[in-house]
Amino acid sequence: MDELKRLREAAGLSQVQLALRLGVSQGTVANWERGFRVPQTGSLIKIASILGCGVDALLGLNTQGADAAHDNTIPDREVRVNG
């Protein structure tokens, strides 16, 4: 969760403030940021909402690359009919 700390700090929140909003301990947030633990899905959604980002951003996913990876169109030069 490398992005969690960066996004939390960009939002101007301390670990304690984020923990209070989530109903978890500061130690839990610290463990997430250090990569010792991973938040459950429900917590990820809450964190994203609090920080004003998407879950994909928290997970460090490149959404632009993800969109390109899911582009299933075949370029014209690759279209072949009957072999």
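Mentor: Happy to. A crossing is left-handed if the near helix is turned anticlockwise from the far one by less than a right angle, and right-handed if clockwise. Helices (H or I, at least four residues) and strands (E, at least two) are DSSP runs, numbered from the N terminus. This is a predicted model, where local features need pLDDT of at least 70, side-chain atom pairs count only at pLDDT 80 or more, and totals for chains, interfaces and linings use all residues. Residues are numbered from 1 along each chain as its sequence is written, and side-chain values use heavy atoms, with hydrogens and water left out.

Trainee: Thanks! Which hand does the crossing of α2 and α3 have?

Mentor: α2 passes α3 in a right-handed crossing.

Trainee: And what angle do α2 and α3 pack at?

Mentor: About 110°, with the axes of α2 (residues 15–22) and α3 (residues 26–34) 8 Å apart. Axes here are lines fitted to C-alpha atoms, for helices over the stretch in contact, and angles run from 0 to 180 degrees between N-to-C directions. The two helices α2 and α3 are therefore roughly perpendicular to each other. For the wording, under 35 degrees is roughly parallel, over 145 roughly antiparallel, 65 to 115 roughly perpendicular, and the rest oblique.

Trainee: Which residues of α2 and α3 meet there?

Mentor: On the α2 side you have Q15, V16, L18, A19 and L22, and they meet Q26, V29, A30, W32 and E33 in α3. Contact means heavy atoms within 4.5 Å. By class, the contact of α2 with α3 has 7 nonpolar, 2 polar and 1 charged residues. Ala, Val, Leu, Ile, Met, Phe, Trp, Tyr, Cys and Pro count as nonpolar, Asp, Glu, Lys and Arg as charged, and the others, Gly among them, as polar.

Trainee: Now α4. How do the axes of α2 and α4 cross?

Mentor: They cross at roughly 120° and come within 10 Å, α4 being residues 41–51. That makes α2 oblique to α4. Here too, α2 passes α4 in a right-handed crossing. L18, R21 and L22 of α2 make the contact with S43, K46, I47 and I50 of α4, and those residues divide into 4 nonpolar, 1 polar and 2 charged.

Trainee: Switching topic: where is G23, and is it buried or exposed?

Mentor: G23 sits in the loop between α2 and α3. G23 is exposed, with a relative accessible area of 67%. Buried means under 20% relative accessible area, exposed over 50%, and partly exposed in between (1.4 Å probe, protein chains only). Its C-alpha is 9.8 Å from that of S43, 20 residues apart along the chain.

Trainee: What about G12? Where does that one lie?

Mentor: G12 is in the loop between α1 (2–10) and α2. G12 is exposed as well, at 55% relative accessible area. Between G12 and L51, the C-alpha to C-alpha distance is 9.3 Å, although they are 39 residues apart in sequence.

Trainee: And I45, buried or exposed?

Mentor: I45 is exposed, with a relative accessible area of 52%, and its place is in helix α4. I45 and V55, 10 residues apart in sequence, are 6.3 Å apart C-alpha to C-alpha.

Trainee: Last one: how many helices and strands does the chain have?

Mentor: The chain has 6 helices and 0 strands. Of its 83 residues, 23% count as buried.
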